[in-house]
Amino acid sequence: MGQTLTCEALLLDTVDLHDGDRIVTFLTCEYGKKRGVARGAKRKYSRFSGQLQPLAKVNIGWFEKEGRELVRISSVDLLRPGGRLQEDLEGILLTAYLADHMIEFAQENENSEYLYRLLDSTLEALLAGVDPNLAARYFEAWVLRLSGIFPPPRECPLCGRVFGHESGRESGSVRAAVLPPNGDALLCAECAGEGGILPRRTLSLAPSTVDFLRLIGRQNLADLARESPPGAQTLAQVERLCGELRRPFLGRELKSYAMMKQTLGRLGKG
Ligand SMILES: [Zn+2]
């Protein structure tokens, strides 16, 4: 038994096969991540021609059979092109990084509404001109939050001391948070350095970074970019934190991240 389905999707990746077909990976709200064959998509007069752009938002139809890994794509109608996001090298690297997250973190055949909305709104914000660095940090932190591996940036779980500028209101001292090596919770410096000294490789987050992490939880990207854009130091600390959390979870680094850092580093933009 098979069934035909249609819904809105974001295209994550396309791979050309030698016979003119294409394998397309796409993300939907209802059915999560899917992989399908677009027959003849590489041919000149294909009905798919021009529709299979990475990161495009489309209406997609497919036929699937139970137990088969690949679905068969029957129609693709472009709703929002992805091309403008990939006009330069930085755009190409960034969008590959965003798509890579979904390929790794979204599940097949499982409701993925939050991940879908996150990617959709991030692409929308990028198209509207939001700072790509801010968009990347917001996005990666939220993917980790939705996957349940982002430590609450509120208070030290060992002693209850509050982080960030909210702590200043109670005690007069504004508290930083630290992520100990291989840690999965944010601690206060006192609890992290049991002997009074922080272990090497401890990642320290300034109070303003902790404030920003909290803000991420309650503000959308476009509002945040407009009302309270963070500084470069904050973004750098968030990037490091996300990497420290993501790598042990995946057991490795995302290829697209390594590629982005390497390429931009070579160009002196990393
Ligand atoms: Zn503590």
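Which residue takes a positive phi in the hairpin of β4 and β5? G67 does, with phi near 85°. The hairpin has 5 residues between the strands.

## Basis of the model

This is a predicted model, in which local features need pLDDT of at least 70, side-chain atom pairs count only at pLDDT 80 or more, and totals for chains, interfaces and linings use all residues. Residues are numbered from 1 along each chain as its sequence is written.

Helices (H or I, at least four residues) and strands (E, at least two) are DSSP runs, numbered from the N terminus.

## The barrel

5 strands close into a barrel in the order β1-β2-β3-β5-β4, with mixed pairing. Two strands pair if DSSP finds at least two bridges between them. Neighbouring strands of this sheet are turned by 50° against each other on average, direction ignored. Axes here are lines fitted to C-alpha atoms, for helices over the stretch in contact; angles run from 0 to 180 degrees between N-to-C directions.

β1 (residues 2-16) pairs with β4 (residues 57-65) in the antiparallel sense, over 9 bridges. Q3 stands opposite E64 in β4. E8 has N59 of β4 as its bridge partner. β4 also pairs with β5 (residues 71-80), again antiparallel, over 7 bridges. There, I60 is partnered by V76 in β5.

## Helix α1 on the sheet

Helix α1 (residues 89-105) packs on the sheet and touches β1, β2 (22-27) and β3 (33-38). The direction of α1 makes about 130° with that of β1. The expected span of a helix is 1.5 Å times one less than its number of residues. For the 17 residues of α1 this gives 24 Å, and the end C-alpha atoms are 24 Å apart, which agrees.

L93, L94, T95, A96, L98, A99, H101 and M102 of α1 are buried. A residue is buried if 20 or more other C-beta atoms lie within 10 Å of its own, exposed if 12 or fewer, and partly exposed in between, with C-beta atoms placed from the backbone. The buried residues of α1 pack against β1, β2, β3, α2 (113-127), α3 and α9 (255-266). Two residues are in contact if their C-beta atoms, placed from the backbone, lie within 7 Å.

## The α3 and α8 crossing

The axes of α3 (residues 132-146) and α8 (residues 232-250) come within 10 Å and cross at roughly 35°. The crossing is left-handed: the near helix is turned anticlockwise from the far one by less than a right angle, whereas clockwise would be right-handed. From α3, the contact uses N133, L134, R137, E140, A141 and L144. From α8 come L235, V238, E239, C242, L245 and R246.

Helix α6 (residues 207-218) has 12 residues and reaches 18 Å from its first C-alpha to its last, close to the 16 Å expected. Its buried residues include V210, F212 and I216.

F163 lies in the loop between α3 and α4 (165-171). Is F163 buried or exposed? F163 is buried, because 26 other C-beta atoms lie within 10 Å. Leaving aside neighbours within four places in sequence, F163 is in contact with residues including P153, R175, L186 and V210.

## Two positive phi values in loops

L55, not a glycine, has a positive phi of about 70°. L55 sits in the loop between β3 and β4. With 24 C-beta neighbours inside 10 Å, L55 counts as buried.

N182 has a phi near 60°, also positive in a residue other than glycine. N182 lies in the loop between β6 (177-179) and α5 (189-192). N182 is exposed, with 9 other C-beta atoms within 10 Å.
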